[in-house]
Amino acid sequence: MNMITSDDSVEDLLEKYPGATRFLMKRGIICVQCGEAYWGKLGDLIDEKGLDKEKIIAELNAEFSKE
């Protein structure tokens, strides 16, 4: 099973798990603007929003890493 980590690029995450866009948006994390994916790491994007990185990563893994 592949685990999602804070070091994963947002672009790779969205390519592998398209449903992650909606998951992140529901938490106020906008990772696609003007049709372009955020080019940084997932952890950096979560930190920019001031959210609990470990919690979000755990929720992402619970939802998507089993795919």
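User: What is the basis for the numbering and the values?

Analyst: Residues are numbered from 1 along each chain as its sequence is written, and side-chain values use heavy atoms, with hydrogens and water left out. The model is predicted: local features need pLDDT of at least 70 and side-chain atom pairs pLDDT 80 or more, while totals for chains, interfaces and linings use all residues.

User: Why is the pair Glu59 and Arg27 called a salt bridge?

Analyst: A salt bridge is a side-chain nitrogen of Lys or Arg within 4 Å of a carboxyl oxygen of Asp or Glu. The closest N and O atoms of Glu59 and Arg27 are 2.9 Å apart, so the pair meets the rule. Glu59 lies in helix 4 (residues 53-64) and Arg27 in the loop between helix 2 (20-26) and strand 1 (32-33), so the bridge ties together parts that are 32 residues apart in sequence. Helices (H or I, at least four residues) and strands (E, at least two) are DSSP runs, numbered from the N terminus.

User: How many salt bridges are there by this rule?

Analyst: The count is two. Lys53 and Asp47 also form one, with 3.1 Å from N to O.

User: What makes Glu59 and Arg27 buried, exposed or partly exposed?

Analyst: Buried means under 20% relative accessible area, exposed over 50%, and partly exposed in between (1.4 Å probe, protein chains only). Glu59 has 25% and Arg27 has 31%, so each is partly exposed. Lys53, at 23%, is partly exposed too, as is Asp47 at 41%.

User: How do you know that the span of helix 4 is close to the expected one?

Analyst: The expected span is 1.5 Å times one less than the number of residues. Helix 4 has 12 residues and reaches 16 Å from its first C-alpha to its last, close to the expected 16 Å.

User: Why are the buried residues of helix 4 said to be on the same side?

Analyst: The buried residues are Ile56, Ile57, Leu60, Asn61 and Phe64. They cover an arc of only 135 degrees around the axis, which puts them on the same side of helix 4; the arc is that of the directions from the helix axis to the C-beta atoms. The face turned away from this buried side carries the exposed residues Glu54 and Lys55.

User: What covers the buried residues of helix 4?

Analyst: The cover includes helix 2 and helix 3 (42-48).

Terms used
Contact means heavy atoms within 4.5 Å.
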